[in-house]
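Open your viewer and get ready to select residues by number. We will walk through the model one stop at a time.

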Amino acid sequence: MTTMKQLNIAVVVAVTVLIGMLGSSEAQLQMNFYAKSCPNAEKIISDHIQNHIHNGPSLAAPLIRMHFHDCFVRGCDGSVLINSTSGNAERDAPPNLTLRGFGFVERIKALLEKVCPKTVSCADIIALTARDAVVATGGPSWSVPTGRRDGRISNLNEATNNIPPPTSNFTTLQRLFKNQGLNLKDLVLLSGAHTIGVSHCSSMNTRLYNFSTTVKQDPALDSQYAANLKANKCRSLNDNTTILEMDPGSSRTFDLSYYRLVLKRRGLFQSDSALTTNSATLKMINNLVNGPEQKFYEAFAKSMEKMGRVKVKTGSAGVIRTRCSVAGS
C-alpha cells in the first residue's frame, strides 16, 4: 500500500523532472559549444563576415532582421531559411518577402560543412552572423551561447501570425512580444535595431495615403516628414519598390538617432510610432536618448541574448540540417 510519504516523494520527483525539462533547452546553450566538435566554427563565421561585409555594409541590418524573424516563429531554429516548392514556407510570408541574406548564410554553412560535416546548426549560424555583422559595422557586441538545433517545419501562416508587422499598434506589439517571453523593455530595445538598414514604401505607404476610412494620412506622423516622403520617395500608394532609410542620415551607424526620430514623430513605421503611445515605453525611450550611447549598447545586448534563447531546440529536440534551405537535408 502506497504511503503518504511515498506519494510526496513521487510528487517532488515529478515536479523536479518537469522543471528540468522546461529549463533544459536554455541550460544546454553554452558559450563555445563547438569548442571540441568544430573548434574553428565561430572564427570561420566571423572571418567570412569581416572579408565580405565591407563590400556590402547594408547586409548587417537584414541579418539581424533574419535572426529576429527566425526566433519569432517556432523559436530560434533556422526555419526561416527553408525553401518550399509549394510556396508555403516562412520565407514566403509577407513579413519575409523583403528579407535578404539567405545566400550569405548558405555560403557560410557550406564552408562549415567542409570542415565539420553535420555539426554546426543553421540556427546558430543565423545567431552568430547577426551579432558579427553588427560588430563589423561598428555596432555593439553581445554574447551568443550556442548549441541550438534546427527545425524542419516552416509554415507561412505561422510567420504571418507571429512576426510583428510594421503596421502594428502598441497592443499588437505587446501581445506578440509577450508570446515569445519578451517584455516591454525588450520591445523598446530590439526596436532600436531600426537604427540601421532600409525598408520599402510598401511597408509604410498606408500611413501616407490610406491610413483609415476617415483620415488619409496618419496624424501621428510628422507632417513635414510626410510631405517630404510623398514628394521625393513614396509618390503613390502603389509604390512597392522605392527604398527608404529607417533612420535617415544615420542608417549605417548603430546609434541613438532612431529613438530621437521616434520622439519627433519621424519613425518610419506605425510600429515605431506605437512605442510613444504607452507611458512606460515612452519613458524608456526618453531615458535612452538622455543617457550615454554605451548604456543603450549594453541594454540592447542583453535583449538580443534573451531573444536568441527563445524556444530553442537542443539535443534530440532538433536536427543539424546540412543545407539550410532544405528541410530534409
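Start by selecting the cysteines: the count comes to four disulfides, taking sulfur atoms within 2.5 Å as the rule. Keep in mind throughout the tour that this is a predicted model. A disulfide is a covalent bond between the sulfur atoms of two cysteines.

**Stop 1: Cys38 and Cys116**

Select Cys38 and Cys116 and show their side chains. Their sulfur atoms are 2.1 Å apart, and the two form a disulfide. Which parts of the chain does this pair tie together? Cys38 lies in the loop between α1 (4-27) and α2 (41-52), while Cys116 lies in the loop between α4 (102-115) and α5 (122-136), so the bond ties together parts that are 78 residues apart in sequence. Look along the S-S bond: with 80 degrees about it, the link of Cys38 and Cys116 is right-handed.

Are these two cysteines buried or exposed? Cys38 is buried, with a relative accessible area of 1%. Cys116 is buried as well, with a value of 6%.

**Stop 2: Cys122 and Cys324**

Next, select Cys122 and Cys324. This pair forms a disulfide with its sulfur atoms 2.2 Å apart. The link of Cys122 and Cys324 is left-handed, with -100 degrees about the S-S bond. Cys122 lies in helix α5 and Cys324 in the segment after α14 (293-307), so the pair ties together parts that are 202 residues apart in sequence.

**Stop 3: Cys201 and Cys234**

Now select Cys201 and Cys234, which are joined by a disulfide with an S to S distance of 2.1 Å. The torsion about the S-S bond of Cys201 and Cys234 is about -85 degrees, so this disulfide is left-handed. Cys201 lies in the loop between β1 (198-200) and α9 (205-209), and Cys234 lies in the loop between α10 (223-232) and β2, so the pair ties together parts that are 33 residues apart in sequence. Both Cys201 and Cys234 are buried.

**Stop 4: where α2 meets α5**

Time for some helices. Two packed helices are described by the angle between their axes and the distance between the axes. Colour α2 and α5 and turn the view until you can see both. At what angle do α2 and α5 pack? The angle is about 45 degrees, and the axes of α2 and α5 are 9 Å apart. That makes α2 oblique to α5. The crossing of α2 past α5 is right-handed.

To see the contact, show the side chains of Glu42, Ile45, Ser46, Ile49 and Gln50 on α2, and of Ile125, Leu128, Thr129, Arg131, Asp132, Ala133 and Ala136 on α5. By class, the residues of the α2 contact with α5 divide into six nonpolar, three polar and three charged.

Zoom in on Thr129, which lies in helix α5. Thr129 is buried, with a relative accessible area of 0%. What does Thr129 touch? Leaving aside residues up to four places away in sequence, Thr129 touches Ile45, Ile49, Leu63, Val105 and Ile108.

**Stop 5: where α8 meets α13**

Move on to helix α8 (residues 184-191) and helix α13 (residues 279-289), which pack at an angle of about 50 degrees with their axes 10 Å apart. That makes α8 oblique to α13. The crossing of α8 and α13 is right-handed. The contact is made by Leu184, Lys185, Val188 and Leu189 of α8, together with Ala280, Thr281, Met284, Ile285 and Leu288 of α13. In this contact of α8 with α13 there are seven nonpolar, one polar and one charged residues.

Stay with α8 for a moment. How many of its eight residues are buried? Six of them are, which leaves α8 mostly covered. The buried ones in α8 are Asp186, Leu187, Val188, Leu189, Leu190 and Ser191. Now show what covers them: the cover includes α7 (170-179), α11, α13 and α14.

**Stop 6: Ser250**

For the last stop, select Ser250, in the loop between β2 (243-245) and α11 (257-263). Ser250 is buried, with a relative accessible area of 9%. Setting aside residues up to four places away in sequence, Ser250 touches Thr195, Asp255 and Ser257.

Key: Residues numbered from 1 in each chain as written. Predicted model: local features only at pLDDT ≥ 70, side-chain atom pairs only at ≥ 80, totals over all residues. Heavy atoms only, no water. Axes fitted to C-alpha atoms, helices over the stretch in contact; angles between N-to-C directions. Helix = DSSP H or I, 4+ residues; strand = E, 2+ residues; numbered from the N terminus. Parallel < 35°, antiparallel > 145°, perpendicular 65-115°, else oblique. Left-handed = near helix turned anticlockwise from the far one by under 90°. Contact = heavy atoms within 4.5 Å. Nonpolar A, V, L, I, M, F, W, Y, C, P; charged D, E, K, R; others polar. Buried < 20%, exposed > 50% of the residue type's maximum accessible area, 1.4 Å probe, protein only.
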